[in-house]
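This briefing concerns the ligand sites of the structure shown below.

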Amino acid sequence: MEQLTKIPQHISIIMDGNGRWARLRGKNRVEGHVEGVQSIREVLRAASDLGVRYLSFYAFSEENWGRPEPEVSFLMELFAESMLKEKDELTANGVRLRILGNRARLSAKLNAMIDAVESATAGGSRITMILFISYSGRWDILQASAKLAARLSADPAYVPTAEDLGAQLVTAGIPDPDLLIRTSGEQRLSNYMLWQCAYTEFVFTDTLWPDFRKEALLDALQQYAARDRRYGKIKAE
Ligand code: IPE
Ligand code: IPE
Ligand code: MG
């Protein structure tokens, strides 16, 4: 078995399968979301202990607004409630929490909660945890492009670079994910970090998100450690 010789600096997770986890137990879909919060807690603790610097989660996509209203409301309430509940523990454990996405679509109440938890944890230097809420990769690239376009109209001689675009994405200052994990057997990006995943390693697992705990994380890290990242070049012998 590969040793965990390579610990990614940034692990990102598309948490999927909450609804199926609940259905398998004869429960309401939303109970899967509630159990999924426990997985976040456990994975965060394990990643922090391993020295991972950035841990991000796709919690709610722009497309997820199209789900039935009761599920959307439940999730928004769960985000606000969890932030309030976890704020002190995150602070105590040196976790900096950031919420990234299209904030204009979130309620005033949730936005206020986000501001409060982001400022309370701003000094956290052990690990940065990022929750993507109301996020989509195309939206992110579009909003960044609009900023570059404004700069271009002010200065027609300006030639935008990839770095300039990256600096306008909501992830500015955060390294691109080294490892992306998606649970529940789906093997797609679902409009997540399209720009940032250019050279990310992907691990797909059939495990449903509420069942994804420390062991599952270690298994994904073992797969990552066995990967050879070449970035288009030829491996040095
Ligand atoms: C992931 O679980 C959580 C969100 C997308 C908010 P799902 O709710 O997509 O669960 P499945 O895919 O229906 O099982
Ligand atoms: C992706 O899961 C979004 C999140 C995990 C937040 P979905 O369940 O919404 O994705 P699709 O619809 O299966 O692609
Ligand atoms: Mg899903």
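**Two ligands and one pocket**

Ligand 1 sits in the largest pocket, where sitting in a pocket requires that more than half of the atoms of a molecule lie within 2 Å of its grid points. The model is predicted: local features need pLDDT of at least 70, side-chain atom pairs count only at pLDDT 80 or more, and totals for chains, interfaces and linings use all residues. Residues are numbered from 1 along each chain as its sequence is written, chains are lettered from A and ligands numbered from 1 in the order in which they are written, and side-chain values use heavy atoms, with hydrogens and water left out.

**The pocket**

- The volume of the largest pocket is about 920 Å³, a volume being the space filled by probe spheres set on grid points that are joined across faces, edges and corners.
- Among its 43 lining residues, Met 15, Ile 40, Ala 59, Leu 131 and Trp 209 are the closest to the centre of the largest pocket.
- A pocket is found on a 1 Å grid over the protein atoms alone, as an open set of points where a 1.4 Å probe fits, with protein on both sides within 12 Å along at least five of seven lines; lining residues have an atom within 4 Å of a point.
- H2 contributes the most to the lining of the largest pocket, with 10 residues; elements that supply at least two lining residues include strand S3 (95–100) and strand S4 (127–135). Helices (H or I, at least four residues) and strands (E, at least two) are DSSP runs, numbered from the N terminus.
- By class, the lining of the largest pocket comprises 18 nonpolar, 11 polar and 14 charged residues; Ala, Val, Leu, Ile, Met, Phe, Trp, Tyr, Cys and Pro count as nonpolar, Asp, Glu, Lys and Arg as charged, and the others, Gly among them, as polar.

**Ligand 1**

- Of the 13 residues around ligand 1, those that come nearest are Asp 16, Gly 19, Arg 20, Arg 29 and Arg 67; a residue is near if one of its heavy atoms lies within 4 Å.
- Ligand 1 taken alone exposes 370 Å², of which the protein buries 86% (Shrake-Rupley method, 1.4 Å probe).
- H1 gives the most to the shell around ligand 1, with 3 residues, and the shell holds 3 nonpolar, 5 polar and 5 charged residues.

**Ligand 2**

- The residues that surround ligand 2 include Ile 14, Tyr 58, Phe 60, Asn 64 and Arg 188.
- Oxygen atoms of ligand 2 lie 3.2 Å from a polar side-chain atom of Asp 16, 3.3 Å from a side-chain N or O atom of Arg 182 and 2.6 Å from a polar side-chain atom of Ser 190.
- Ligand 2 has 390 Å² of accessible area on its own, and the protein covers 77% of this.
- Strand S2 (residues 54–61) gives the most to the shell around ligand 2, with 4 residues; by class, this shell has 5 nonpolar, 3 polar and 4 charged residues.

Note on methods
A polar contact is a pair of N or O atoms within 3.5 Å; within protein, one must be able to donate a hydrogen and the other to accept it, and residues adjacent in sequence count only if both atoms are side-chain atoms.
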